[in-house]
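Student: I would like to learn how to read a structure. Please take me through one.

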Amino acid sequence: MTTAPSAKFPNLRPAEPQGSDLLAAERARASFNPYDLSVFMYGEEWIGRFNRILEILENDPAMDKSKRYYSGRDDRFSHALWSARRMVELQREHKWNATDISIADFLLDESGPVCNHSDYHHILSLMNFDAHTFQSLSGTSQFSLHKNMFMPTIMSQGTDEQKAKFLAPAQKYQIIGCYAQTELGHGSNVQGLETTATYIPETDEFDLHSPTLTSSKWWIGGLGKAANHAIVMARLISNGKDYGPHPFVVQIRSLVNHRPLRGVTVGDIGPKFGFNTVDNGFVMFDHLHIPRFNMLARFASIKPNTGEYASPPNAKLSYGTMVFVRANIVMGVRFALARAATVAIRYSAVRQQFVDAANPKKHGSRVVETPVLDYTMQQYRVFPVMAQAYACYFTGKEMFRLYNDNQKQMGAGDFSLLADLHATSSGLKSLTTTMAVSAIEDCRRACGGHGYSLFSGLASFYQDYLPNATWEGDNYILTQQTARYLLKTFRNLVAGKSVLQNPTVSYLTTYLQNPTATCPATTPTDFLNPELQLSAFAHRAAHLVAQTVDQLDRQGRTWNSMLVEVNRVSRAHCQLVLVQNFLAALQSDSDLRTPERAPLKNVLTTQAQLYALHTMETELAEFLTCGYLSPAQTQMLKSQTLDLLAAVRPDAVALVDAFGLPDYYLNSALGRQDGKVYEAMTHMAEQEPLNHSDVVAGYEECIRPLVWAGKKIEGATVEVVKERQAKLVFLESTHYARLSLFVLCICMRPEKQVHLHLDL
């Protein structure tokens, strides 16, 4: 039951000018229509669908977000279960398709029961989904893991008979599953998993067992309390031979009373840094027997009675889906960056601090404080985040195109695109998610003290986004995949071996032809030249590759001793890819060539330039040490970067508006579309449960004794004896009458028994 707040703010307006007026003025000065940019990125049909689903969720009590910031884990978990059930009902009521479901999951933005991505992208990498199917799997709402991993794994790796037994009831939510791969002792090293599934030919069963404490499945989303089935990755052992991890469908809990089955120890792993509406769980097996039928057998199987193992097909096919998954991650980073930038930029346009003496602002005839967004330092902190978001949009789009081309070629037996695409996608996942984690925190801090409030919408968002740097491959480990490919390609070029032509080979070849090339810039504006930008990024990346090969091959350095350089190689390569894709899209996208789209192209070009130059400035040491830039040119670069901030300033609010992130999704007092920041902050403070009573629980036991201790009352001193007891120490005997009155006053509160010990 919700009680009305006792602490209510008076009906006053914030000081002028109003936040709504400030944002209206920002939008009026923009050089383009943000809706046109939204249509360019999403399409009108998708926007219409998005808005229809948004209206449904905003008006459904189960999807209400207003209590999120005040609720403890138990309440949040219970509400998440309710939302999960209601989401399934809405899908059925409105006959939502795959795209509709992904939009609803995105908008709800609740990491709830049966939802965790620690193994999500790994299992998708083992599947062959097309883009349409994947869209139905995206999102972070309740039952996502059941939808995103349990059912798709059965769909892609199960036989027709297994689909009939497991998939059909799962689609009706008659069984609810999760995906159990990660263990207490092993995460990234999947081949090191310890859980075993030993085939017993006499009974045609598998003995599922957890032989060590570290073999306990851990971090399994949905397993803690909600799921009754799991796909368990366990080491397949048959006839004494270990065939490595394979998937098994395992019932965890009873379908009658939801209690764990015999031989199963299962529970929740406890509170986490974020994602605390997710029941991440652990499970251990004590020689649990399951039928041989439960091993998903579309690609690999065990023959009955003999235990003979049938091998899977070409493993390279799985790499194509890894590319698709990681392209989706890059697109997801776009939204994470856009969300952080939207809150920080809108709030910075409303928040006013100090008066800029050189350029004072006026409201009417009165000088007012300067919007924080007008300060160059604030622009330097938040504008590059917005540019990063647009860069990730264009790279994600290009990755999808390459994925589709690669799938067609692999279908015809041509794997020529795969190596470069897989290596780049690995590095991009690492770079972009690391970039997003840093950007969210930078934007939160750019919101000043209010950024520390949950009402900002950024604090809890940071907590929940942070795991992206770890799941789907730890970000530092993934860079090794990228670097290995780059080093191998460079060695082949140096050795004169035949290599397939692609953008990576092109920039490495250019470097080998002129390893001492230098930057031709003579003025700051020269750095706006796209060819100069591409040459700078390419030379720096190739130089790092060449230096790493030299240290490994000629100087005898070990791989382990070079891991820091390996990370830098991957980072440089992927920053080049982001710049390359951004600039190429602006040149080649037919939608941007029409005269009516000229304002969009202009504003996006400025974003591309800001991303490129700000990244160069951030990585300035490497551009200097590779010899491409001179010290004098670095000053030109810095000057031009600051000029770009000024160019972006008039369009800043419109650029974040174009991402189309509604208030329902942002759940932020600071990032409100209408600019009513202070009204929202005070209203949300009123909803704090502590403000629903005038006197806090515990006052009588903890505060009152301290306040009254030693207090003099008409010549007597109150001394606390123990809880709820006190004594009066009289200084003069003439105060008996006043004592009687004092005792009478205390006894008027019979619910608090106060014993007075008189020391006469």
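Predicted model: local features only at pLDDT ≥ 70, side-chain atom pairs only at ≥ 80, totals over all residues.

Tutor: Residues are numbered from 1 along each chain as its sequence is written, and side-chain values use heavy atoms, with hydrogens and water left out.

Student: How many helices and strands does the protein have?

Tutor: Helices (H or I, at least four residues) and strands (E, at least two) are DSSP runs, numbered from the N terminus. The protein has 25 helices and 17 strands.

Student: What percentage of the residues is buried?

Tutor: A residue is buried under 20% relative accessible area, exposed over 50% and partly exposed in between, using a 1.4 Å probe and protein chains only. Of the 760 residues in the protein, 52% are buried.

Student: Which residue does UniProt list for "active site"?

Tutor: UniProt positions follow the numbering used here, feature names are shortened, and annotations may be inferred rather than shown by experiment. The unreviewed UniProt entry lists Glu-472 for "active site". Glu-472 lies in the loop between α13 (459-465) and α14 (475-494).

Student: Why does Glu-472 count as buried?

Tutor: Glu-472 counts as buried because its relative accessibility is 9%.

Student: Which residues does Asn-502 touch, leaving out those up to four places away in sequence?

Tutor: Contact means heavy atoms within 4.5 Å. Asn-502, in the loop between α14 and α15 (503-513), touches Asp-420 and Tyr-485, not counting residues up to four places away in sequence. Asn-502 and Asp-420 are 82 residues apart in sequence, and their C-alpha atoms are 7.9 Å apart in space.

Student: At what angle do α11 and α17 cross?

Tutor: Axes are lines fitted to C-alpha atoms, for helices over the stretch in contact, and angles run from 0 to 180 degrees between N-to-C directions. Helix α11 (residues 376-411) and helix α17 (residues 563-588) cross at roughly 80°, and their axes come within 8 Å. Angles under 35 degrees count as roughly parallel, over 145 as roughly antiparallel, 65 to 115 as roughly perpendicular and the rest as oblique. α11 and α17 are therefore roughly perpendicular. Among the residues making the contact are Tyr-390 and Phe-394 of α11 and Leu-578 and Phe-582 of α17.

Student: How are α14 and α17 placed?

Tutor: α14 and α17 pack at about 75°, with axes 8 Å apart. Residues of α14 including Tyr-476 and Leu-486 meet residues of α17 including Leu-563 and His-573.
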